[in-house]
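This report walks through a structure for a reader who is meeting it here. Please keep the sequence and the model at hand while reading.

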Amino acid sequence: MPTDILMPALSPTMEEGTLAKWLVKEGDSVVPGDVICEIETDKATMEVESVEEGTIGKILISEGSEGVVVNSVIAVMLGEGESADDISQVPAPVAAEPSAVQPQTEEAAPKTSPQKTSGASAPVFSPAADPDLPEGVEMVEMSVRQALNEAMSEEMRADDDVFLMGEEVAQYQGAYKISQGMLAEFGERRVIDTPITEHGFTGIAVGAAFAGLKPIVEFMTFNFAMQAIDQIVNSAAKQLYMSGGQVQAPIVFRGANGAASRVGAQHSQDFTAWYAQVPGLTVIAPYSAADAKGLLKAAIRSPNPVVFLENELMYGVSFDVPIMDDFVLPIGKARMVRQGNDVTIVSFSIGMKYATEATETLVSEGVDVELIDLRTIRPLDMETVLNSVKKTGRCVVVEEGWPQFSVGSELSARLMEQAFDYLDAPVMRIAGKDVPMPYAANLEKLALPSVDEVVAAVNAVTYRS
Amino acid sequence: MARKNATQAKTSAAGSTGKKVGGRKSSPAKPNVPEFSKGDELRAYREMLLIRRFEEKAGQMYGMGLIGGFCHLYIGQEAVVTGINMAARPDDASITSYRDHGHMLAVGMDPNGVMAELTGRVDGLSKGKGGSMHMFSTEKRFYGGNGIVGAQVSLGTGLAFAAKYRGEDSVSLTYFGDGASNQGQVYESFNMAKLWDLPVVYIIENNKYAMGTSLERSSALTNLANRGASFNIPGETVDGMDVRYVRDAAERAINHARTGKGPYILEMKTYRYRGHSMSDPAKYRSKDEVQAMRSERDPIEQVKQRILDKKHGNIDDLKQIEKEVRAIVTKAADFATNSPEPDPSELWTDITI
């Protein structure tokens with residue numbers, strides 16, 4: 001029976017990709033290990049090799065096709081004694097069936113520049129215009145990945161003291177392709193591949209900041225920054241205070257934070273609350289591409305050490321970004337995404353995805369939600385949150401991190417202290433569950449917050465349920 | 001950063017003391033005794049004496065309750081920082097651990113400001129907010145004053161990175177102890193320092209005890225000059241009690257780093273007479289061991305004896321220096337005692353800019 005060759009997934013988060021090139025044609029014989037095609041995502045280009053022996057019977061997806069869904073049949077392979085006549089009509093993609101192909105290791109030099117992907121989709125929601133933007137400014141759709149890339153590149157063009165260091169940032173173009181093209185533009189003096197030694201290179205970067213440079217340290221993910229947290233907290237965050245204001249540490253620590261998808265407990269942790277507890281640090285966790293760009297530029301210019309928490313699942317998501325020569329947003333200012341009177345939902349980073357989708361549902365049910373994106377976690381824009389809660393009397397905080405001693409815990413405490421008389425219901429925290437992140441797909445889903453939980457919490461505090 | 005071809009490693013005791021590393025009481029043969037002029041000897045004497053008397057006063061003030069917390073005295077190790085500094089340029093950066101008072105005096109930071117920081121007063125170099133372990137001077141390019149064992153090694157490597165990035169030829173003088181020499185980030189830093197040929201001199205002040213744990217009890221191999229061998233970083237073991245050998249080795253090391261050849265390790269065999277900190281009774285070593293060091297190897301006595309032997313000065317000249325040094329220290333102590341505590345509003349300043 002002919003074997004279907006399926007579109008492989010290059011990562012747990014990939015849903016579709018481009019079939020860039022066929023390296024075989026119909027009628028060719030292949031043996032296991034032969035490269036049959038190349039597929040491309042926004043992150044990488046990979047070769048796909050055959051795992052079986054046979055003849056390429058039919059190619060169903062022509063090269064150059066974009067948006068090829070994972071697990072759809074891209075070709076059919078014939079075994080010994082089979083002919084093209086044995087191929088029935090194109091079968092529907094079957095996820096459970098083992099693919100006859102497997103992706104090879106990632107190619108080091110992807111060809112594409114950072115581009116938007118439709119792999120993950122932003123919730124359809126029309127947020128209020130950001131008052132920090134000039135009225136009527138022209139917008140362009142851009143992925144978070146490209147926004148981060150532009151922010152770093154623009155700041156590096158403007159200031160020779162700014163440089164980027166981290167694992168795979170240069171020749172590999174970034175593990176998540178955030179620094180794509182930057183080595184070519186800025187050279188190896190300013191885009192620096194480090195060995196896998198977070199503790200050491202973070203200390204080196206902090207020392208360079210003491211000497212007046214403005215390093216951007218990329219952690220492949222913030223899970224690995226735990227190796228370096230002593231240098232972030234003890235050296236960078238406390239330096240100004242310990243020196244009586246004499247020695248600054250103008251440095252940005254950035255990278256993917258929080259859960260990705262199906263990567264297990266050690267690679268799925270949200271460190272927002274950890275860093276947000278430390279005086280001396282600025283902590284930023286943007287959701288949209290515009291905020292990612294405007295706030296990363298602000299972070300690089302800041303004379304303070306900044307922990308800039310990104311989210312892998314958001315890298316490929318596109319948003320409107322203003323077309324401006326120098327688009328910088330203020331640090332420490334939350335964004336009012338939707339104004340409403342019934343309840344305040346506060347979130348940040350990917351938590352905004354749940355919050356936004358819940359808001360859509362709730363608004364459609366007649367609940368007038370006020371939605372706030374904190375954007376900066378330290379310093380916390382309590383003024384915006386307080387003014388909102390004084391109006392609505394109810395608050396739900398949404399985040400992916402663990403619930404104990406979380407950002408939501410802090411907001412709850414402050415609202416209790418500063419807006420007690422205004423509250424008509426307890427502040428509710430929707431957070432990740434108090435467990436290490438499981439691997440199994442169903443358990444992982446349960447460990448993360450959900451839109452339903454946010455809706456249920458809003459229903460509870462508005463006494464609708 | 002561009003890499004350079006790895007240079008040949010020159011490990012252990014190269015040309016300096018030729019002493020067998022790890023020998024406890026071996027009095028090494030000293031070929032090629034480095035030349036010290038009259039001016040060198042007198043400068044070394046004065047600078048080491050200032051550190052000694054300053055530290056004695058700090059110890060005294062700690063006993064009086066004027067200095068709080070941790071207070072790690074440098075007494076016994078004076079030749080190391082003095083000799084290194086005699087070979088360095090003013091624009092070279094330096095960074096060390098929490099045993100830092102001597103380093104600050106050596107680079108010319110104000111003794112009044114150092115002592116007032118020890119007493120936690122507003123005129124301290126960190127406005128009283130840093131304490132014994134956290135003082136800095138951007139003017140003198142002294143970057144602390146760091147309390148986490150080994151952290152300053154990565155930071156010091158970063159100072160060297162900055163110099164190279166900017167195309168400057170200053171060198172980072174990165175001090176750490178035998179205890180820190182077992183920390184992982186030290187080797188991460190060694191690796192990158194050599195990979196990128198950064199201008200850093202690693203000065204390991206081997207005073208034989210990491211708090212109460214002797215080098216032999218903490219380290220599989222006790223030749224610390226060899227610790228860069230895996231990275232092709234040359235190293236020397238140096239008699240850190242003799243300021244002449246220290247300066248001589250430092251000149252080689254600093255020149256190596258300054259001329260683009262990358263990092264260099266100096267293992268300074270030294271000794272602290274006092275406990276790890278003021279609260280350490282130092283029961284882990286014998287009184288005889290300490291006494292032998294004091295009477296036979298004392299860095300200041302060695303210089304003093306040479307000054308007298310070579311007639312660079314007489315007893316009265318030395319007494320005059322002693323008097324001047326004591327005046328500086330007394331003045332610092334008075335200053336530090338009389339400076340007011342920081343204003344309560346200082347609690348909330350200098351957190352971010």
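## How the two chains meet

Two residues are taken to be in contact if their C-beta atoms, placed from the backbone, lie within 7 Å. By that rule, 34 residues of chain B are in contact with 38 residues of chain A. This is a predicted model, in which local features need pLDDT of at least 70 and side-chain atom pairs count only at pLDDT 80 or more, while totals for chains, interfaces and linings use all residues. Residues are numbered from 1 along each chain as its sequence is written, and chains are lettered from A and ligands numbered from 1 in the order in which they are written.

Helices (H or I, at least four residues) and strands (E, at least two) are DSSP runs, numbered from the N terminus. On the side of chain B that touches chain A, α5 (151–165) and α6 (184–195) of chain B each supply at least two residues, and α5(B) gives the most, with 10 residues. Sorted by type, the residues on this side of chain B comprise 16 nonpolar, 14 polar and 4 charged, where Ala, Val, Leu, Ile, Met, Phe, Trp, Tyr, Cys and Pro count as nonpolar, Asp, Glu, Lys and Arg as charged, and the others, Gly among them, as polar.

## Domains and a helix pair in chain A

Chain A is assigned domain 1 (3–106), domain 2 (139–322) and domain 3 (335–461), with bounds that come from an automatic or database domain assignment. Between the C-alpha centres of domain 1 of chain A and domain 3 of chain A there are 43 Å.

Helix α3 (residues 198–210) of chain A packs with helix α5 (residues 229–242) of chain A at an angle of about 10°, and their axes are 10 Å apart; axes are lines fitted to C-alpha atoms, for helices over the stretch in contact, and angles run from 0 to 180 degrees between N-to-C directions. The angle makes α3(A) roughly parallel to α5(A), since angles under 35 degrees count as roughly parallel, over 145 as roughly antiparallel, 65 to 115 as roughly perpendicular and the rest as oblique. From α3(A), the residues A:H199, A:T202, A:G203, A:V206 and A:F210 meet A:Q231, A:I232, A:S235, A:A236 and A:Q239 of α5(A). The residues of this contact divide into 4 nonpolar, 6 polar and no charged.

## Nonpolar cores

A residue is buried if 20 or more other C-beta atoms lie within 10 Å of its own, exposed if 12 or fewer, and partly exposed in between, with C-beta atoms placed from the backbone. A nonpolar core is a set of buried Ala, Val, Leu, Ile, Met, Phe, Trp, Tyr and Cys residues joined through C-beta atoms within 7 Å. The largest nonpolar core has 209 residues, of which A:I345, A:V396, A:V454, B:V201 and B:L266 touch the most other members. Domain 2 (139–322) and domain 3 (335–461) of chain A both give residues to this core, so the core lies between them.

Not counting residues up to four places away in sequence, A:I345 touches several residues, including A:A355, A:V369, A:L371, A:V396 and A:V454.

## Individual residues

In chain B, B:L105 is found in helix α3 (residues 101–106) and counts as buried, with 25 C-beta neighbours inside 10 Å. Leaving aside neighbours within four places in sequence, B:L105 is in contact with B:L50, B:I51, B:F54, B:P111 and B:V114; B:F54 is 51 residues from B:L105 in sequence, yet their C-alpha atoms are 9.0 Å apart in space. In chain A, A:G366 sits in the loop between α8 (351–364) and β20 (369–373) and is exposed, with 8 other C-beta atoms within 10 Å.

Most residues other than glycine have a negative phi, and most peptide bonds are trans. A cis peptide bond, with omega about 0°, joins A:R378 and A:P379. B:D197, which is not a glycine, has a positive phi of about 45° and is buried, with 21 other C-beta atoms within 10 Å. B:N232, also not a glycine, has a positive phi of about 65°, and with 16 C-beta neighbours inside 10 Å B:N232 counts as partly exposed.
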